[in-house]
Amino acid sequence: MVDIICRNSILFDGRGKSPVIADVAITDGKITAIGTHLEAIHGAIEMECQGLWLMPGLLDIHTHLDLEIELAPELPEVVCHGTTTVVISNCSIGVTYGHQRRNGEDPIVDCFARVENMPKSVLSRVADACSWSDSQGYLHHLESLPLGPNVVPLIPHSMLRIEVMGLTASISREPTKQELAQMAQLLEAGMSQGYAGFSTDALPFHFLANTPNTKKKIPTQYARFPELSRLTNIVRRYNRVWQATPPKDDIFAAVRSFMLTSGRLYKQPLKTTVLAAIDLQTNRSAMYLCLLLSSILNSPMLKGNLRFQALSSSFRIWSDGAINPIADEVPEFRVLNELELDDRQGRGHILNAPAWVKAFRKMWLKGKNGWSLARMLRRLRLEDVVLTRQLNDMIVAECPLTDWVGDALEAPYRRLLKYQASNGHDVFQHDEETEFFASFPNPIKDDAAFFLHLLRAWDTDLRWETTFANRNAKTLRKLLFHNQTLPGFNDSGAHLANIGFYDGNLRALKIAQQEGLQQVSCMVHRLTELPAKFFGINAGLVCLGAQADLCIIDPVALAQWNPEKTYHFMYRPEFGCRQIVNRPDAVVRSVIIGGKVAWDNGTYSEEFGKTAYGRVIRAKDHAQEGGSR
């Protein structure tokens with residue numbers, strides 16, 4: 001029986017070919033007919049798509065939705081953006097082996113809280129509910145949930161190490177031969193069960209959150225090259241994916257690690273996807289080094305198969321005082337981040353400690369004054385940190401002085417300088433600001449002293465935003481279409497209060513739209529069939545026999561959408577906190593998952609969140625995928 005017929009659509013099938021006007025029929029969750037003027041069938045839902053784009057459901061290849069799946073398995077924010085398949089358990093962390101609580105250790109809370117800026121209370125609730133204890137049990141658990149999109153799990157290295165060694169041992173010593181063999185055995189089991197790959201992490205600012213581990217990094221970072229080589233060789237044998245992040249401050253270690261992709265050196269290429277090719281405001285060379293490295297590794301000489309992931313938007317983050325997703329990169333901010341978010345008193349003691357103040361000032365002012373190598377590198381955009389340390393880049397989102405909202409912090413800083421120069425006689429704003437200015441050191445030395453005073457006075461009540469990467473539209477477009485990248489570094493499900501990239505795939509389509517339908521078709525391919533092929537999964541195409549995962553987009557609404565103007569905050573009761581979202585109005589008309597309409601004209605279906613729409617997708621060479629395309 002035909003369930004749905006999509007009529008008169010502008011069809012992009014995912015392969016990158018020019019679009020055609022076509023009808024698509026869906027029966028029992030599968031695509032059963034594609035053509036023009038398909039015969040009407042009694043009882044079928046007719047969806048008129050004239051003037052609308054019909055394409056495969058979009059893939060989000062880098063998410064941390066493992067936690068939200070346990071709280072809201074329908075993943076509503078994902079689906080309303082046209083995404084129908086998500087890859088989870090990235091960056092070496094996940095819930096694959098259950099809660100893993102042993103000997104007073106709480107790995108899920110410890111690993112996720114700082115790395116992904118997740119509330120500890122939520123993490124504890126998730127850990128409480130983790131009743132399984134192995135990778136097969138996790139698959140069964142996922143299959144029992146009323147999933148919204150399809151879910152593609154990876155085996156996370158930090159949790160694998162914890163499962164074998166325990167958390168404390170995994171961050172304090174090398175594994176024994178027996179422990180390494182057990183890790184290999186568990187990874188082999190995951191690959192045989194159909195996991196799509198294996199994730200590790202080497203970013204130097206990913207730290208644990210619980211005492212006494214707050215100065216320790218997550219377990220994967222303590223693995224030496226022989227361990228990585230042995231484990232990734234298992235992934236290579238199964239032709240699965242290794243998801244990695246580079247040790248950004250050690251180019252030699254990065255090159256050595258990513259040589260593992262080489263088919264020349266290891267007889268078979270290892271599919272490797274790496275974070276991330278982005279145009280950093282502080283270091284313009286980082287992006288080019290990524291692209292150069294991948295082109296060398298993928299050359300005929302080395303025969304690798306490596307793709308850097310690319311973010312499809314400007315990298316805009318919100319910070320609460322000194323707390324944000326990159327705070328742990330800077331030691332002076334890291335010590336503040338080691339405390340609990342509500343420990344204002346503890347941060348106050350640090351902010352007033354003379355040794356810390358001296359170190360903070362040195363960090364904040366580095367390269368800003370005089371003539372030095374640091375000054376030259378700053379002017380050339382070749383610094384070794386991500387943080388811009390520029391008041392002009394810091395836009396106030398919330399603070400006790402509401403008139404500051406929307407201004408860069410440079411503006412009140414300049415007003416303060418004028419106020420102090422006039423001995424308080426010139427009043428530039430209002431009484432509240434004048435009173436606040438009177439509390440500052442006089443004279444204020446520099447912008448370091450200004451920002452430090454704001455942190456002391458307001459702590460996390462000062463909420464500010466900055467765009468620290470992908471500011472240049474032409475450079476961003478180059479990254480998204482580059483043959484060495486995969487669009488899709490969205491980090492969905494992480495940093496809920498600090499970033500909002502669920503709209504990343506739609507932004508990529510909007511960028512392509514400016515160059516015509518053929519470029520749109522190319523981008524649809526890069527968001528659907530291309531990553532599906534790379535991850536070796538049955539998804540990403542509109543073709544006969546495929547699971548009916550479809551997205552219908554209004555191109556007029558897409559063209560009119562200004563992504564920088566639609567951010568807003570919403571309270572998520574599932575998390576007990578605010579979340580940043582960016583929802584383009586009426587761009588995604590409908591989303592079909594597993595042959596069922598999940599989202600249509602701004603409304604979720606009645607059964608959405610109650611019954612499963614998506615499924616667990618295993619690697620396509622797994623026996624349980626035999627019935628799928």
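What follows is a chat about charged residues in a predicted model.

Colleague: Hi! What kind of model is this, and how are residues numbered?

Modeller: Residues are numbered from 1 along each chain as its sequence is written, and the model is predicted, so local features need pLDDT of at least 70, side-chain atom pairs count only at pLDDT 80 or more, and totals for chains, interfaces and linings use all residues. Side-chain values use heavy atoms, with hydrogens and water left out.

Colleague: Thanks! How many salt bridges are found in the whole structure?

Modeller: The search finds 40 salt bridges. A salt bridge here is a side-chain nitrogen of Lys or Arg within 4 Å of a carboxyl oxygen of Asp or Glu.

Colleague: And why can side chains pair like that?

Modeller: Side chains of opposite charge can pair when their charged atoms come close.

Colleague: Let's take Arg347. Which side chain does Arg347 meet in a salt bridge?

Modeller: That would be Asp459, at 2.7 Å from N to O. The pair links distant parts of the chain, 112 residues apart: Arg347 is in helix H14 (residues 344-351), while Asp459 is in the loop between helix H19 (447-458) and strand S16 (463-469). Helices (H or I, at least four residues) and strands (E, at least two) are DSSP runs, numbered from the N terminus.

Colleague: Is Arg347 buried or exposed?

Modeller: Arg347 is buried, with a relative accessible area of 3%, and Asp459 is buried at 8%. Buried means under 20% relative accessible area, exposed over 50% and partly exposed in between, using a 1.4 Å probe and protein chains only.

Colleague: What about Arg477, which side chain does Arg477 meet?

Modeller: Arg477 meets Glu515 in a salt bridge, with 2.7 Å from N to O. Arg477 lies in helix H20 (residues 473-481) and Glu515 in the loop between helix H21 (504-513) and helix H22 (517-527), so the pair ties together parts that are 38 residues apart in sequence. Arg477 counts as partly exposed at 27% relative accessibility, and Glu515 counts as partly exposed at 39%.

Colleague: Where do Lys533 and Glu529 sit?

Modeller: Both are in helix H23 (residues 529-535), four residues apart, which means about one helical turn separates them. Lys533 forms a salt bridge with Glu529, their closest N and O atoms being 3.7 Å apart. Lys533 counts as exposed at 55% relative accessibility, whereas Glu529 counts as buried at 8%.

Colleague: Last one: which residues are linked in a network of salt bridges?

Modeller: The network links Arg316, Glu465, Asp503, Arg507 and Glu564.
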